[in-house]
Amino acid sequence: MRVNAKRWQDYFRDKRVWVTGASSGIGEALVEALGAAGVRTLASARRIERLEELTLKHASVSALPLDLAECERLGEAAAAAWEQLGGIDVLVNNAGISQRSTFVEADPETLERVIRIDLIGTMWLTHAVAARMKHRGSGHLVTVTSLAAMIPTPRRTAYAAAKAGLHGLFDAMRGELEPSGITISLAAPGFVRTEISTHAVTETGAEHGVLDPNQERGDDAAACAAEILSGAAKRKREFLVSMSPRLRLALLLRRHAPGLLWRILAKASVT
Ligand SMILES: NC(=O)c1ccc[n+]([C@@H]2O[C@H](COP(=O)([O-])OP(=O)(O)OC[C@H]3O[C@@H](n4cnc5c(N)ncnc54)[C@H](OP(=O)(O)O)[C@@H]3O)[C@@H](O)[C@H]2O)c1
């Protein structure tokens, strides 16, 4: 999809934006785009040296280390981010890890780690930021989920559960927060060429270490980031990004012929 950059830039121009998972892939591309547009942006992740490269490139970008697995410390991190930016107008929950293992072969601890980072950590962080936004009476929560929330494939059980959980969490929040001036956007990407499969956890929790074919053939991270910024600027509640005709067909099957979709997925060679 072609994106009109001027339109999202108009929306974000005066906003203070916190992007998690900014050290690579979609998050890095989001910060690159926001930084190039001069938007005040706070970039977070664990690999601080990668964030520092972004701060050197863009004067409007600063960095804050963040580990979403340390849930109990996320309130503190949110307070530090709020102070560093002088308030947060847009929180982009983008950080996440994926999974490459079947359910019964995986250590339950490893499955839990995926859910802890992708769902629970995001929940704790959002809780701390949303409370401040509600008190102020404005804000925008943008969360990067996945098509896996709608098309849960084999070998992604915990990942699909976490991503579907994000849809439940944020959809349920709408009735509580939208009347308080808070916008909630869920962006679900298809396949994007990033490090996601490389850092995905295997049965034992070790890194998969491979760029998978679906990611290799996937959309460019910058194009995905532009679609996310554009959808958020239009204040869309839920939208798909980086979609291919094959993924659109899978969505149609999910809705109209789910039995056929499950049979196809059972035979598909999913890495
Ligand atoms: N690529 C795809 O095909 C695709 C498809 C659908 C959805 N998504 C979603 O898009 C989002 C971004 O992923 P990506 O594709 O850009 O992958 P990526 O290149 O691997 O980026 C993931 C980001 O999350 C951060 N992260 C991982 N664990 C973290 C933790 N414990 N605490 C804080 N940050 C953490 C990583 O930074 P550090 O390692 O430095 O902490 C990195 O910046 C994820 O939510 C992913 O599920 C991706």
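Me: Which residues are closest to the ligand, and how many surround it?

Reply: In this predicted model, 32 residues surround the ligand, and the closest are Gly21, Gly25, Arg46, Arg47 and Gly96.

Me: What is the division of the shell into nonpolar, polar and charged residues?

Reply: The shell holds 14 nonpolar, 14 polar and four charged residues. Gly counts as polar and Arg as charged under the classification used.

Me: Why is Arg235 called exposed?

Reply: Arg235 has 12 C-beta neighbours inside 10 Å. The cut-off for an exposed residue is 12 or fewer, and Arg235 therefore counts as exposed. Its place is in the loop between helix H8 (221-233) and strand S7 (238-241).

Me: Why is Ser242 called buried?

Reply: Ser242 has 24 C-beta neighbours inside 10 Å. A buried residue needs 20 or more, so Ser242 counts as buried. This serine lies in the loop between S7 and helix H9 (245-256).

Me: What makes the phi of Arg235 and that of Ser242 worth noting?

Reply: Most residues other than glycine have a negative phi. Phi of Arg235 is near 55°, a positive value, and Ser242 has a positive phi of about 50° although it is not a glycine.

Me: What makes S3 and S7 edge strands?

Reply: The open sheet has seven strands in the order S3-S2-S1-S4-S5-S6-S7, with parallel pairing. Strand S3 (61-65) and S7 each pair on one side only, and they are the edge strands. The twist averages 20° from one strand to the next.

Me: How do you know that strand S1 pairs with strand S4?

Reply: Three bridges join S1 (residues 16-20) to S4 (residues 90-93), and the two run parallel. Pairing requires at least two bridges, so S1 and S4 qualify as a pair. Val19 stands opposite Val92 in S4.

Me: Which residues does Leu30 touch, and what is its place in the largest nonpolar core?

Reply: Leu30 touches Val19, Val92, Asn94, Ala225, Ile228 and Leu229, not counting residues up to four places away in sequence. Of the 73 residues in the core, Leu30, Ala43, Ala225, Ile228 and Leu229 touch the most other members. The largest share of this core, nine residues, comes from helix H5 (residues 108-136). In soluble globular proteins, nonpolar side chains tend to be buried together.

Conventions
Residues are numbered from 1 along each chain as its sequence is written. This is a predicted model: local features need pLDDT of at least 70, side-chain atom pairs count only at pLDDT 80 or more; totals for chains, interfaces and linings use all residues. A nonpolar core is a set of buried Ala, Val, Leu, Ile, Met, Phe, Trp, Tyr and Cys residues joined through C-beta atoms within 7 Å. Helices (H or I, at least four residues) and strands (E, at least two) are DSSP runs, numbered from the N terminus. Two residues are in contact if their C-beta atoms, placed from the backbone, lie within 7 Å. Axes are lines fitted to C-alpha atoms, for helices over the stretch in contact, and angles run from 0 to 180 degrees between N-to-C directions. A residue is near a molecule or strand if its C-beta atom, placed from the backbone, lies within 6 Å of it.
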